[in-house]
Amino acid sequence: MSETSYPVAGGGAVVDRRYEKLLSQISGAGFLGSPTRGQAMYADSTGRQIKLAALLAAIIFGYRWETDGDGLTVPVEPNTSGLPRLDLGVLRLDRSTWTVRFALKVGTPAAAPVAPAVTQNDNDNGVWEIPVGTVRVASTTSAQASAGLPSIAAADVTPLEFYLAPPPLLTHSSRMGSVPVRPGQQVTQYDRGRTYTGMGTSHHLTGENGPWVKLAVKSGWDNANCWVMRRNGFVYMQAILYRDTPGRTTKASTDIVLFNLPVDYRPPVDGPPVMYLDGSHGDWFARCYLSPTTGDVGILGYANPLADNQFVIIHPVTWPARY
């Protein structure tokens, strides 16, 4: 029985296999950069060949692969079987040489051809592949094959590449404006406990665990049961207000603002100009409302006068958070 650790100070030298073990769960495997740059593997009807775009980069378990400014042109094996064939382009980490190289795996011709599977072998001498794309190869005569046919067109190639997300960032909410939007990157605001993911041209809220916050209500009302909370991109609110205005009665359907929602808890302003909420007062139904612009929450649709000592209940409601 024994144990070891590495790098060298722990007693074990960092050979390639140990380097892979150190990096595999940190770096992962996939392409680098933005997925919006276009297909990694493509064809342009210039012969029986496929191409890889210029200045590509990928990592497989800490081993980096790149193309130069000219990209790569890869020949496709001829197909004279009489049936179409589906080949698979892969990036392959070969542990016999510890290099990553592109390879085109030849499929089996069939009426409905299926591409070869990727090989993902985790032993010390195996290979690990990630897919780049498939290429459909039509059958030709031997003479046509000798002439470099079929010419592979753009529609013959189906992209399969996937990308590693940029490393996550941690910042203060006041500095979000200086963080560029990178697809898939997570950005956490440590002061607010909110996590955003870059999507398209903006950051979208994807994680949050805010506390329940008691709402301040207008004079003449009790706020013992008025609460709001943000959780994972949504706002939850519930409110039971007790009217404490001795001797006062308000006629039916009078618009009364009950409280004001802080900006962080208001619905998005690009939604409905007013949200109507399900509510009641006393033993009667009532219509309550919420203005996303001002944050005012009020009651206006009730058929009976609203007197002192009566309750207004806004049933629990949720909506997408503003940001």
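This is a predicted model: local features need pLDDT of at least 70, side-chain atom pairs count only at pLDDT 80 or more; totals for chains, interfaces and linings use all residues.

The part in question is helix 1, together with the residues that its side chains meet. Which residues of helix 1 are buried, and what do they pack against?

Helix 1 comprises residues 16–27, and its buried residues are Arg17, Glu20, Ser24 and Ser27. These residues lie on the same side of helix 1, because they cover an arc of only 105 degrees around the axis. The face turned away from the buried side carries the exposed residues Gln25 and Ile26. On the buried side, the packing partners are four strands: strand 1 (29–31), strand 4 (57–60), strand 5 (63–66) and strand 7 (85–94). Just after helix 1 comes glycine 28, which takes a positive phi of about 70 degrees.

Two of the buried residues are also joined to each other. The side chains of arginine 17 and glutamate 20 form a salt bridge, with 2.8 Å from N to O. In the structure as a whole, the count of salt bridges comes to 12.

Strand 7, one of the packing partners of the helix, has a further point of interest at arginine 85. The side chain of arginine 85 forms a salt bridge with that of aspartate 87, at 2.7 Å from N to O. Arginine 85 is buried, with a relative accessible area of 3%, and aspartate 87 is likewise counted as buried, at 0% relative accessibility.

A pair of aromatic rings is described by the distance of the centres and the angle of the planes. The search of the whole structure finds 6 aromatic pairs. In one of these, the rings of tyrosine 19 and tyrosine 63 have their centres 5.1 Å apart and their planes at 85 degrees, so the pair is edge-to-face. This pair links distant parts of the chain, since tyrosine 19 belongs to helix 1 and tyrosine 63 to strand 5, 44 residues apart. Tyrosine 19 is partly exposed, at a relative accessible area of 29%, whereas tyrosine 63 is buried, at 10%.

Tyrosine 63 has a second aromatic partner, tryptophan 98, and here the pair is stacked: the centres are 5.5 Å apart, with 25 degrees between the planes. Tryptophan 98 lies in the loop between strand 7 and strand 8 (99–105), while tyrosine 63 lies in strand 5, so the pair ties together parts that are 35 residues apart in sequence. Both tyrosine 63 and tryptophan 98 are buried. Taken together, Tyr19, Tyr63 and Trp98 form one aromatic cluster.

In summary, helix 1 has a buried side that packs against strands, a salt bridge between two of its own residues, and a tyrosine that belongs to an aromatic cluster.

Notes. Residues are numbered from 1 along each chain as its sequence is written. Side-chain values use heavy atoms; hydrogens and water are left out. Buried means under 20% relative accessible area, exposed over 50%, partly exposed in between (1.4 Å probe, protein chains only). The arc is that of the directions from the helix axis to the C-beta atoms. Contact means heavy atoms within 4.5 Å. A salt bridge is a side-chain nitrogen of Lys or Arg within 4 Å of a carboxyl oxygen of Asp or Glu. Rings of Phe, Tyr and Trp (its six-membered ring) pair if their centres lie within 6.5 Å; planes under 30 degrees apart count as stacked, over 60 as edge-to-face and the rest as tilted.
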